[in-house]
Amino acid sequence: MDRRLNKPLIIAMVIVALALGVLLGMTSGIAGRIFGGPNPKTIASASLESMRAQNRLIAFVARYVSVTTSSASTFGFSSKRTLILPGDVRYELDLSKLQPGDVTWDAPSKTLNVKLPEIEIAGPDVDLASAQEYGEGGVLSALTNANQQLDSANRAKAVADLRKQAQGPVQMRLAHQAARAAIERSFAMPLIAAGFKDARVVARFPTEGTDDASYLDLSTPYDEAIKEAERRRALRQK
């Protein structure tokens, strides 16, 4: 698995929220000096609305590689095919699901607590251009369409395997860490700009502290994943 934070995507998704939040923080700071101090709840609410407007945050992207083998045997003849198929999976947050009740300010500890929606796993975006297929056909392949059937079976198993890899505990932990860091940064910067230098932002997922994974499976169906990969490969070849 090639694990990597997709920093450009994270920046693109939160930059508007940061800009509006910082602007609000600066405005609140000026108003605070005139009217008695900025209100952290107001700043947090404005940051929340800014992020909700961004809709989705791609917190983490990872590439996985699946190796699958299928075989067939008829009338004493056999055929075997092996497929090596890479694919990318996205770990996303639906920011529109954040509600005002999910963001609370604890004045004594100067802590902004954020309850995050579940991580959503999208994909896999399979890379047929980088796929490798190997086979032992023999007589059965020459007389029937065994190779095509085995290739189709391998692709279905490979897509399912890519999804399974994406849902592993290590991968989910990395996705959680990336999402928390992005959200905490987005809420913290406006507060700091408003003068709350000691403010802390703590983002948490609903199931953290339990053994359950926190995600929604929005994986692409097998047929759609393969069709989309074939479309992308055809565009590259033009």
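Two strands pair if DSSP finds at least two bridges between them. Strands (E, at least two residues) and helices (H or I, at least four) are DSSP runs, numbered from the N terminus. This is a predicted model: local features need pLDDT of at least 70, side-chain atom pairs count only at pLDDT 80 or more, and totals for chains, interfaces and linings use all residues. Residues are numbered from 1 along each chain as its sequence is written, and side-chain values use heavy atoms, with hydrogens and water left out.

**View 1. The hairpin of S4 and S5.** S4 (residues 103-106) has Val103 and Trp105 on its covered face, Thr104 and Asp106 on the uncovered one. S4 pairs with S5 (residues 111-115) in the antiparallel sense, over four bridges. Asparagine 113 is the bridge partner of threonine 104. Four residues lie between the strands, and lysine 110 takes a positive phi near 50 degrees.

**View 2. Phenylalanine 60 and tyrosine 91, a tilted aromatic pair.** Rings of Phe, Tyr and Trp (its six-membered ring) pair if their centres lie within 6.5 Å; planes under 30 degrees apart count as stacked, over 60 as edge-to-face, the rest as tilted. Here the centres are 5.5 Å apart, with 55 degrees between the planes. Phenylalanine 60 lies in S2 (residues 56-74) and tyrosine 91 in S3 (residues 77-94), so the pair ties together parts 31 residues apart in sequence. Both are buried (under 20% relative accessible area; exposed is over 50%, partly exposed in between; 1.4 Å probe, protein chains only).

**View 3. Tryptophan 105 and phenylalanine 196, an edge-to-face pair.** Their ring centres are 6.1 Å apart and their planes at 70 degrees. Tryptophan 105 counts as buried at 18% relative accessibility. Phenylalanine 196 also counts as buried, at 18%.
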